[in-house]
Amino acid sequence: MDSDTESDMDLLARAARGDAEAMRGLYERHHDALFAFIRMRCDDPALAGDVVHDAMLDVWRTAGKFAGKSSVRTWIFTIARNKLVDRIRRSSQLSFTDEVPETVDDSPDATQVIAASQDAARLRACLDKLKKVQLAVIRLAFYDELPYEQIAEIESVPVGTVKTRIFHAKKALMHCLGQSA
């Protein structure tokens with residue numbers, strides 16, 4: 001079976017049995033999104049590349065231990081996020097000042113936020129102004145189309161915190177784009 005048509009679960013099961021071709025398929029399938037996810041969190045392309053490499057090696061080594069409690073993609077993203085956190089902790093650059101009040105997300109949906117700006121460069125500039133934790137959840141929710149529960153698992157935070165971060169990110173984007181939220 002071609003790795004493009006196999007499910008992540010099938011590829012992971014084959015990788016757990018030592019199939020390097022299956023692992024290559026998983027790597028190729030998830031590399032770009034994983035690199036973008038890590039790169040935007042650390043703002044260092046070399047570090048992001050190292051973290052992705054380390055995470056995928058860990059996936060290779062622990063493929064047989066996958067419990068199936070989440071999707072394979074969520075599991076891989078969580079491994080990569082944890083690798084990045086470990087590296088940042090080791091270099092004493094991590095700040096734990098991420099206390100965010102939990103509120104209900106009654107802000108505009110992603111389509112309204114993006115539609116508020118017809119100028120892609122202006123939207124990118126506004127995205128660049130978001131806090132890294134807000135940009136991370138926006139990317140996972142709207143670009144990678146992950147549900148809040150999977151984002152919460154990847155980010156190691158409660159679902160309510162994901163909702164709050166998205167709420168504040170959307171408000172900040174609307175304000176930056178000149179719209180009242």
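Two residues are in contact when heavy atoms of theirs lie within 4.5 Å. By that rule, Leu26 is in contact with Asp8, Leu11, Leu12, Met56, Val72 and Ile76, leaving aside its neighbours within four places in sequence. The model is predicted. The protein has 9 helices and 0 strands. Buried residues make up 44% of its 181 residues.

**Overall plan**

- Read along the sequence, the pattern is α-α-α-α-α-α-α-α-α.
- Take the contacts in the protein with a separation of 6 or more: residues 24 or more positions apart account for 66% of them.

**Helix 1 and its buried side**

- Helix 1 covers residues 8-16.
- Its buried residues are Asp8, Leu11, Leu12, Arg14 and Ala15.
- These residues cover an arc of only 160° around the axis, which puts them on the same side of helix 1.
- An α-helix has 3.6 residues a turn, so residues three or four places apart point the same way.
- The cover over the buried residues of helix 1 includes helix 2 (20-42), helix 3 (45-62) and helix 4 (72-90).
- Just after helix 1 comes Gly18, with a positive phi of about 95°.

**The largest nonpolar core**

- This core has 49 residues.
- Leu12, Leu34, Phe37, Ile38, Val59 and Ile76 touch the most other members.
- Two or more residues come from each of these elements: helix 1, helix 2, helix 3, helix 4, helix 6 (120-129), helix 7 (132-143), helix 8 (148-155) and helix 9 (159-176).
- Helix 2 gives the most to this core, with 9 residues.

**Leu12 and Leu26**

- Leu12 touches Leu26, Val59, Ala63, Phe66, Val72 and Trp75, not counting residues up to four places away in sequence.
- Leu26 sits in helix 2.
- Is Leu26 buried or exposed? Leu26 has a relative accessible area of 0%, so it is buried.
- Leu26 and Val59 are 33 residues apart in sequence. In space, they are 9.4 Å apart, C-alpha to C-alpha.

**Helix 1 against helix 4**

- The axes of these two helices come within 9 Å and cross at roughly 60°.
- That angle makes helix 1 oblique to helix 4.
- On the helix 1 side, the contact involves Asp8, Met9 and Leu12. On the helix 4 side are Val72, Arg73 and Trp75.
- By class, the residues of this contact are 4 nonpolar, no polar and 2 charged.

**Helix 7 against helix 9**

- Helix 7 and helix 9 pack at an angle of about 100°, with their axes 9 Å apart.
- They are therefore roughly perpendicular to each other.
- Helix 7 brings Val133, Gln134, Val137, Ile138, Ala141 and Phe142 to the contact.
- Helix 9 brings Val162, Arg165, Ile166, His168, Ala169 and Lys170.
- The contact of helix 7 with helix 9 has 8 nonpolar, 2 polar and 2 charged residues.

**Asp144, a buried loop residue**

- Where is Asp144 found? Asp144 is in the loop between helix 7 and helix 8.
- Why does Asp144 count as buried? Its relative accessibility is 16%, and buried means under 20%.
- Asp144 touches Ala33, Arg73, Phe77 and Arg139, not counting residues up to four places away in sequence.
- Arg73 also belongs to the contact of helix 4 with helix 1.

Technical notes: Residues numbered from 1 in each chain as written. Predicted model: local features only at pLDDT ≥ 70, side-chain atom pairs only at ≥ 80, totals over all residues. Heavy atoms only, no water. Buried < 20%, exposed > 50% of the residue type's maximum accessible area, 1.4 Å probe, protein only. Helix = DSSP H or I, 4+ residues; strand = E, 2+ residues; numbered from the N terminus. Arc of directions from axis to C-beta. Core = buried A, V, L, I, M, F, W, Y, C linked by side-chain atoms within 4.5 Å. Axes fitted to C-alpha atoms, helices over the stretch in contact; angles between N-to-C directions. Parallel < 35°, antiparallel > 145°, perpendicular 65-115°, else oblique. Nonpolar A, V, L, I, M, F, W, Y, C, P; charged D, E, K, R; others polar.
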